[in-house]
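Work through these exercises with the model open. Try each task before reading its solution.

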Amino acid sequence: MYQALYRKYRPRVFSDVYGQDHVTSTLKNEIKENRVSHAYLFTGSRGTGKTTCAKILAKAVNCENLIDGEPCNECEVCRGLDSGAIYDVVEIDAASNNGVDNIRDLREEANYTPSRGRYRVYIIDEVHMLSQGAFNALLKTLEEPPAHVIFILATTEVHKLPATILSRCQRFDFKRIQPETMAVRLKEVAQKEGMTLTDDAAVLIARIADGALRDGLSILDQCSSRSNSIDSMLVSDVAGLASRDALYKLTDCVCARDSSSAMEIISNLYQNSYDMERLCVELINHFRNFLVVKAVKKSRELIICTDDEFNTIVTSAKQFTLENIIYALDLFQDTLTKIKSGANSRIEMEMSFIKLCEPKLDASQSAVLDRVAQLERAVKSGVTVSAQSPIQKQDTQPAPVEEAVQEEPPIFAPPQQTANEPAPSQIPTQAEEQIAKPQPQVAQEPQTAVQEGVSEFEHWAEFLDIIHKTDIALYGVLNGAGAHFDSGRFVIDSPNPTIKQFIQIPTHLKAIKQAVLELTGQPYKIAVSKPRGESAQRRDALEDLINRAQNNIEVKFE
């Protein structure tokens with residue numbers, strides 16, 4: 001029967017335990033000097049060797065032929081404990097045996113002397129799962145156990161243990177196994193199993209395992225079922241990771257403020273079954289590498305990667321400032337929290353990149369600080385400052401309108417005609433009115449009728465509130481835009497170049513039409529205004545100021 005690698009290569013002596021020398025050396029010395037404690041507490045993250053060390057310690061205190069504090073694994077007691085023929089070592093899963101009655105049974109059983117060895121050893125795994133009553137029942141026995149009893153408690157959440165339990169145990173903290181240490185172990189196991197594991201693949205597995213050697217061996221086991229020749233591409237495919245190339249392409253899109261290309265990359269990854277939550281974690285780690293390179297002098301020691309990839313990281317990090325990187329990290333951390341709370345992972349990732357590529361859409365404090373920092377750096381570069389304001393007032397005339405977005409047949413019928421309202425054919429046209437009446441001597445006011453002239457849309461805030469409830473992705477794209485009415489059309493004024501493609505999607509177009517109908521009481525065709533040059537595209541004053549400063553255009557303030 002096939003045995004998983006993490007079980008097959010579980011250490012049987014302390015010297016085989018990787019990355020926990022501070023624990024194993026202390027335990028070996030205690031055994032050699034016969035100074036074994038009555039209660040131990042092993043704490044640390046998953047897959048770091050807590051249960052493994054507990055089993056080795058249980059064998060060592062009962063071994064008949066100790067070798068430098070290590071169990072011999074050859075004597076009758078060692079072989080009996082390994083095979084289960086000797087019952088002097090008892091493993092208890094506190095997750096399923098967490099009641100007071102379970103602990104009372106344990107206390108009664110502890111009074112019996114060992115059947116073959118010198119000690120009865122109780123290994124209580126996930127001890128933090130015990131109830132408060134069970135902890136109280138264990139307390140007295142743990143403080144003054146029989147001379148032939150040793151307790152070994154193991155937990156991943158030591159903060160949940162009562163202080164009365166902690167004070168009665170000798171505590172050992174297991175560290176996360178360093179990636180370079182884990183990579184060495186993975187290479188050894190791969191060699192013994194007849195696999196070819198590249199250095200890049202070993203480092204990548206170690207990074208994915210996040211300090212848990214058991215997880216690393218499980219990933220290696222999974223990769224070996226696909227091929228005996230394991231490289232980084234195979235590991236990425238098996239683990240469901242985005243390739244490193246995709247990460248660098250996404251960061252290039254952020255630098256170029258190309259939200260359209262970023263959306264295409266995310267769409268391709270999603271279609272290829274890449275997990276969006278894992279992609280978010282990978283991007284957090286990616287920007288963390290940029291942060292280390294920018295903020296730490298000896299950054300090479302803190303980034304686990306090959307030399308070639310480190311050089312690529314250094315080159316890419318030069319495109320960002322510390323403010324950019326911290327803003328991106330904050331944004332992806334918030335995105336990860338929303339994804340874990342049940343939000344649509346794809347939409348959240350798309351919104352994050354739209355905000356990164358279009359900073360003016362994000363009104364958060366970190367986004368504003370990032371943009372102000374850009375302005376400060378531009379001004380420090382020697383831009384002239386004088387007394388007049390450079391920010392021209394926005395042109396109040398509506399922008400030229402592109403041809404209306406192609407849409408399906410009207411979703412909503414026009415409102416019914418009231419009894420007192422004249423039929424459309426009875427309403428005189430503007431030309432007929434001009435013929436019927438003499439021309440006025442003064443200029444007329446601009447036409448305000450929604451259907452025939454141009455007028456501002458005064459309910460944009462209410463419109464965004466409705467969109468936020470019905471289409472959150474569309475809300476992220478429309479945030480920072482505006483709208484007006486022009487000849488029976490609802491025209492969206494937005495500096496975002498992706499808006500036209502975005503609202504051509506039927507679901508988004510329907511959401512806009514329904515919101516306009518709800519606020520105005522009548523249906524409209526939807527259109528997008530054409531940009532009138534750079535000043536029309538930048539509706540945001542701070543964005544305009546940043547661009548002028550970066551282009552060394554004279555900046556003036558009132």
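**Exercise 1. A strand and its neighbours**

Which residue in β10 does Val-454 stand opposite?

Solution. The model is predicted, so treat each step as a reading of a prediction.

Step 1. Val-454 stands opposite Asp-486. Strand β9 covers residues 454–456, and three bridges join it to β10 in an antiparallel arrangement.

Step 2. Go to the other partner. Strand β11 (residues 489–493) pairs with β10 over five bridges, again antiparallel. Here His-484 faces Val-491 across the pair.

Step 3. Look at the connection. Two residues separate β10 and β11, which form a hairpin. Ser-487 sits in that turn with a positive phi of about 55°.

Step 4. Check both faces. Gly-482, His-484 and Asp-486 are buried on one side; Ala-483 and Phe-485 are buried on the other. Buried here means under 20% relative accessible area.

Step 5. Conclude. Five of the five residues of β10 (residues 482–486) are buried, so the strand is largely enclosed by the rest of the structure.

**Exercise 2. Checking a helix**

Solution. 

Step 1. Helix α23 runs over residues 506–520, which is 15 residues.

Step 2. List buried positions. They are His-508, Leu-509, Ala-511, Ile-512, Lys-513, Ala-515, Val-516 and Leu-517.

Step 3. Find their partners. These buried residues pack against α20 (460–470), α21 (472–478), β11, α22 (499–503) and β12 (525–528).

Step 4. Look just past the helix. Gly-521 has a positive phi of about 85°.

**Exercise 3. A sheet and its helices**

Solution. 

Step 1. The sheet is open, its pairing is parallel, and its order is β2-β3-β4-β1-β5.

Step 2. The edges are β2 (89–93) and β5 (170–174). Each has a single partner strand, so one side of each lacks a neighbour in the sheet.

Step 3. The twist averages 15° from one strand to the next.

Step 4. Inspect one pair. β1 (residues 39–44) joins β5 through five parallel bridges. Within it, Phe-42 has Phe-172 as its bridge partner.

Step 5. α5 (residues 100–110) touches β2, β3 (120–125) and β4 (149–155), and its direction makes about 165° with that of β3. α6 (residues 132–143) lies across β1, β3 and β4, at about 130° to β4.

**Exercise 4. Confidence**

Decide where to read the model with care.

Solution. 

Step 1. The average pLDDT is 79, and 78% of the residues score at least 70.

Step 2. Residues 383–397 fall below 50; this stretch has 34 contacts beyond near neighbours in sequence.

Step 3. Residues 533–539 also stay under 50, with 13 contacts beyond four places in sequence.

Conventions:
Residues numbered from 1 in each chain as written. Predicted model: local features only at pLDDT ≥ 70, side-chain atom pairs only at ≥ 80, totals over all residues. Heavy atoms only, no water. Buried < 20%, exposed > 50% of the residue type's maximum accessible area, 1.4 Å probe, protein only. Helix = DSSP H or I, 4+ residues; strand = E, 2+ residues; numbered from the N terminus. Pairing = 2+ DSSP bridges. Expected span 1.5 Å × (residues − 1). Contact = heavy atoms within 4.5 Å. Axes fitted to C-alpha atoms, helices over the stretch in contact; angles between N-to-C directions. pLDDT = per-residue confidence, 0-100.
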